[in-house]
Each structure stands twice: as C-alpha cells, then as structure tokens.
2 protein chains.
Amino acid sequence: MLSKSQFKLIKSLSHKKYRQRQNLFVAEGRKVIQEFLDGGLPLHLLLSVSEAFGPSVSQRITVSEAELQKISFLTTPQTALALFEIPQAVSPPETGLQVVLDQVRDPGNLGTIIRLCDWFGVTNLICSPDTVDCYNPKVVQASMGSLARVQVHYLDLVEFLTRQSRPVFGTFLDGANIYKEALPSEGVLVMGNEANGINPNTEACISRRLTIPQFGAIRETESLNVATATAIALSEFRRR
Amino acid sequence: MLSKSQFKLIKSLSHKKYRQRQNLFVAEGRKVIQEFLDGGLPLHLLLSVSEAFGPSVSQRITVSEAELQKISFLTTPQTALALFEIPQAVSPPETGLQVVLDQVRDPGNLGTIIRLCDWFGVTNLICSPDTVDCYNPKVVQASMGSLARVQVHYLDLVEFLTRQSRPVFGTFLDGANIYKEALPSEGVLVMGNEANGINPNTEACISRRLTIPQFGAIRETESLNVATATAIALSEFRRR
C-alpha cells in the first residue's frame with residue numbers, strides 16, 4: 001500500500017518546482033516505463049497492479065487499480081506508474097542534425113516533437129528556458145518513451161546559435177521552398193512558438209529561411225501546428 | 001445576459017447526442033468563429049465580450065469575460081463563443097486526393113489532421129463511423145477554423161473503399177519506402193487508429209502499402225503519432 005507521504009510526493013511532481021527539488025519525474029504505463037528502464041534511468045519507485053511487471057526491486061509497491069487511478073495524471077488509466085531520477089544536465093554535442101525549440105508551450109507538442117526526433121535519429125533537442133519542461137507528466141506521456149533516448153537541453157538560444165559553425169535553419173512563411181533546397185546532414189533546425197513563431201532575437205541567428213509550401217487555395221490565416229511542421233521538416237532533412 | 005436555457009444548451013453541446021439533436025456545434029475564439037462566418041455557415045448564436053466583433057445579428061449577446069469563461073470548453077479563455085448549424089451531410093466526390101481515417105479517437109489528432117488537409121488542399125476527409133466526431137469542441141478548436149473548409153464525411157469504410165477506381169494507399173511498418181514511390185495526384189490515403197493502426201477489414205481494401213522510414217537506431221517499439229504520420233505522407237503526395 002501507498003503511504004500518505006508517497007502519495008503527496010507523487011502528486012507534487014506535477015509541478016516543475018517540486019520535480020527540480022526532488023530531482024524526480026513520473027512516467028506512466030508499462031511501455032513508457034519499460035523504455036526508461038531500458039534506457040538505464042535510475043528507478044526511484046514503482047507502483048504496479050501486477051507483480052508480473054518490472055524489475056524486482058525494493059522500491060516496488062503493488063497497488064489496486066483504484067489506488068493507481070487516484071494517483072494517476074492520466075485520464076485513461078494505466079496499470080503501472082514509476083518515479084525516475086532526472087538525469088544530470090550535460091552540454092549537447094555540436095555535430096549532426098539538431099532541433100531547437102523557441103518557446104514551445106504545449107506539452108503535447110513537445111512530447112510529439114521528442115517522439116519525432118527519436119524516429120528521425122535526432123538525439124539532441126535544444127529548448128529555450130521558457131519552453132515547457134520535458135519532465136512535465138503530459139510531455140512524458142506524449143513522448144511515449146522516446147524521452148529515454150532523446151536528450152533535451154534547456155539553453156539560452158542566442159548564445160547556443162551564435163557559436164554554431166553548422167548552418168542554422170528556421171521555418172517561416174517567406175522562406176525558400178523546403179522541397180527544393182539542398183539540406184545538409186549537419187545543421188540546426190529552429191521551430192517557434194505555437195502562436196507567435198520564432199522570436200526576433202532568435203530569428204536574427206538564423207542563416208537559412210525555409211517554407212513548407214501551402215497547396216490548394218492560399219489563405220494567409222492558415223498555419224501548420226508546430227509538431228506537424230517539425231514532422232515535415234525532419235522528413236525533408238532525412239529523405240535526401 | 002445569457003439565459004439559463006441558453007447556458008444549458010451550450011453546455012449540452014459537449015455531447016454528440018445533443019449536438020445531433022440540436023444540429024448545432026460550438027466554436028470558440030475570434031479567429032475560429034471568423035473562419036466559419038467566412039465559410040458561410042449559418043450562425044445560431046454569438047456571445048462576445050465586445051460589440052466590435054462579428055456581424056450585427058439578432059442572435060448576439062454581449063457577455064462579461066467571467067460569464068464567457070464559465071461557459072467555455074477551453075482552459076485558455078477566449079473573448080467570443082458561437083453556435084453554428086451543422087451542415088447537411090453530402091456524399092464526397094470520388095476524385096482528387098482524399099484522406100480516410102479508421103477509428104481515430106483523439107480529438108486533438110482529428111483537429112490537427114483537418115488542419116493538415118486544409119494546408120495540403122485536401123478538401124474531403126472520410127472517417128469511419130467510430131472516429132471521434134468532428135464537431136466535438138476539442139476537434140473544432142484543434143482544427144483552428146480549417147473545419148470551415150474541409151468537408152468531413154462519416155461513412156462505412158469498406159463500402160467506400162471497395163467502390164474506388166483510384167489507388168488506395170495505407171501506411172504500415174512493412175510497406176514500400178514512401179520517399180521512393182511514385183505517388184499519383186488522385187488517390188485515397190488511409191490512416192489508422194492511435195494504438196491499433198488500420199483494422200483488418202479496412203486493410204483488405206488497401207492496394208498499396210507505404211512506410212515512412214525510421215532513421216537512427218531502429219527499435220520496433222517506436223511509432224509515429226497518426227497526425228505527424230499524416231503530415232509526412234501528405235507532404236510526400238504533394239511535393240512530387
């Protein structure tokens with residue numbers, strides 16, 4: 001059975017402040033938990049409705065489905081919940097293809113982009129400090145375990161981008177047609193905020209402006225969601 | 001001021017049953033409402049915190065921000081909410097490029113896919129009857145007004161697909177590399193459920209199996225979100 005203090009600890013981890021203080025985050029569902037175990041992240045606590053799942057460790061508690069539902073951050077109940085230690089921050093390597101996010105606020109978008117990076121072999125994702133925290137439970141869930149393999153770094157973007165020798169790409173409404181550009185295997189791709197796009201200070205660091213062309217009747221009010229735009233852009237970088 | 005019966009009516013429209021009974025759906029935010037007005041959808045009721053927005057019609061009520069927040073289905077408050085009449089169902093044309101969704105359950109995914117169809121000039125989207133309802137408030141919101149331009153049809157997929165003379169494509173883990181295939185401008189692209197993919201009855205109607213290749217270390221546990229996979233596939237169909 002779960003103690004009151006464990007219950008309080010888990011619930012507190014919906015807030016970034018407490019995740020940082022405890023150095024812990026929540027992962028839910030067997031598939032996602034297994035990905036973090038496979039990735040070698042230190043397990044702090046495992047709650048499971050069945051003893052048949054997960055490593056046999058001392059930090060393991062068997063709970064009822066009702067108990068798990070009460071503690072869960074998800075609307076669709078899972079059969080396991082785990083606390084993992086947040087890995088220590090390291091500096092990103094400055095090679096290969098990397099994605100940079102400028103003020104992405106929606107947890108679902110960040111999770112989806114982490115999953116996309118994993119699919120397209122982009123192992124480092126750089127985020128502005130005001131991008132949503134990647135250990136937010138909704139981000140962890142939307143990333144479907146890919147967070148175990150993609151390293152997310154929170155950095156001052158202007159400082160990071162100005163020291164790059166690789167070309168810095170960004171998507172805009174007035175850039176060059178992405179389908180026709182030569183795209184290198186080494187580079188940095190900047191994607192912007194859901195409502196406001198890339199902010200002017202970051203934009204000043206971008207050397208190559210790209211556009212995903214619109215088809216059918218052109219309307220200026222239209223735009224692509226940041227996660228779907230990232231999907232199309234990464235697909236273009238990798239298909240060459 | 002909003003009457004009690006209007007309040008009850010609006011709240012009831014979160015349920016498909018009441019949307020069908022009343023033949024009405026909710027749109028929130030000035031941008032989204034304006035798109036439906038531009039699309040010529042009959043307006044039933046408009047709530048706005050400012051008289052400066054929207055047509056001057058008899059079905060207009062000026063409300064306070066607090067009132068609007070109380071009635072809203074969104075977590076981020078907007079300054080306007082409207083009820084529109086649901087357009088009459090018509091048969092989809094059987095030409096051009098169309099997307100078919102098999103049991104897509106997540107409102108955010110459907111809304112994002114409607115927005116993608118709009119971007120890529122796909123004006124008809126065919127959904128299995130058990131796909132989430134496109135007039136669900138969360139779908140309307142995620143579609144960002146694109147629902148005003150993309151016609152969504154709920155049909156028996158096997159019946160629809162078997163009578164097509166156009167090629168029927170689907171994405172699978174074992175298909176032909178989508179980057180290398182000849183893709184026609186006339187065709188049907190089937191995308192499947194978030195957890196289970198395309199169901200076997202629908203799969204039997206697919207003549208051409210496609211795969212979006214995975215890069216980096218290949219792991220069988222990985223997959224793409226249905227909306228991001230649709231983004232990449234539509235981009236491939238249109239870039240040729």
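Predicted model: local features only at pLDDT ≥ 70, side-chain atom pairs only at ≥ 80, totals over all residues.
Local features are reported only at pLDDT of at least 70 and side-chain atom pairs only at pLDDT 80 or more, while totals for chains, interfaces and linings use all residues. Residues are numbered from 1 along each chain as its sequence is written, and chains are lettered from A and ligands numbered from 1 in the order in which they are written.

We can begin with the interface. Chain B places 26 residues in contact with 25 residues of chain A, where contact means that the C-beta atoms of two residues, placed from the backbone, lie within 7 Å. On the chain B side, two or more residues come from each of α3 (30–38), α5 (107–119) and α9 (226–239). Of these elements, α9(B) gives the most, with 7 residues. Helices here are DSSP runs of H or I with at least four residues, strands are runs of E with at least two, and both are numbered from the N terminus. By class, this side of chain B holds 9 nonpolar, 10 polar and 7 charged residues; Ala, Val, Leu, Ile, Met, Phe, Trp, Tyr, Cys and Pro count as nonpolar, Asp, Glu, Lys and Arg as charged, and the others, Gly among them, as polar.

The two copies are related by symmetry. Chain B superposes on chain A by a rotation of 180° with 0.0 Å of shift along the axis, at an RMSD of 0.0 Å, which is the relation of a two-fold axis.

Within chain B, strand β5 (residues 97–101) is largely enclosed by the rest of the structure, because 5 of its 5 residues are buried. A residue is buried if 20 or more other C-beta atoms lie within 10 Å of its own, exposed if 12 or fewer, and partly exposed in between, with C-beta atoms placed from the backbone. Leu97(B), Val99(B) and Leu101(B) cover one side of the strand, and Gln98(B) and Val100(B) the other. β5(B) pairs in the parallel sense with β9 (residues 187–191) over 5 bridges, pairing being defined by at least two DSSP bridges. Here Val99(B) stands opposite Leu189(B). Another 3 bridges join β5(B) to the parallel strand β6 (residues 124–127), where Cys127(B) is the bridge partner of Leu101(B).

Next comes the helix. In α5(B), 12 of the 13 residues are buried, and just after the helix Gly121(B) takes a positive phi of about 65°.

In chain A, Thr112(A) belongs to helix α5 (residues 107–119) and is buried, with 28 other C-beta atoms within 10 Å. Beyond its neighbours within four places in sequence, Thr112(A) contacts Ala142(A) and Ala227(A), and also Asn225(B) and Thr228(B).

Two loop residues complete the picture. Gln103(A), in the loop between β5 and α5 of chain A, has a positive phi of about 60° although it is not a glycine; Gln103(A) is buried. Asn23(B), between α2 (16–22) and β1 (24–28), has a positive phi of about 55° and is partly exposed, with 14 other C-beta atoms within 10 Å.

Conventions. Least-squares fit on C-alpha atoms with pLDDT ≥ 70 in both.
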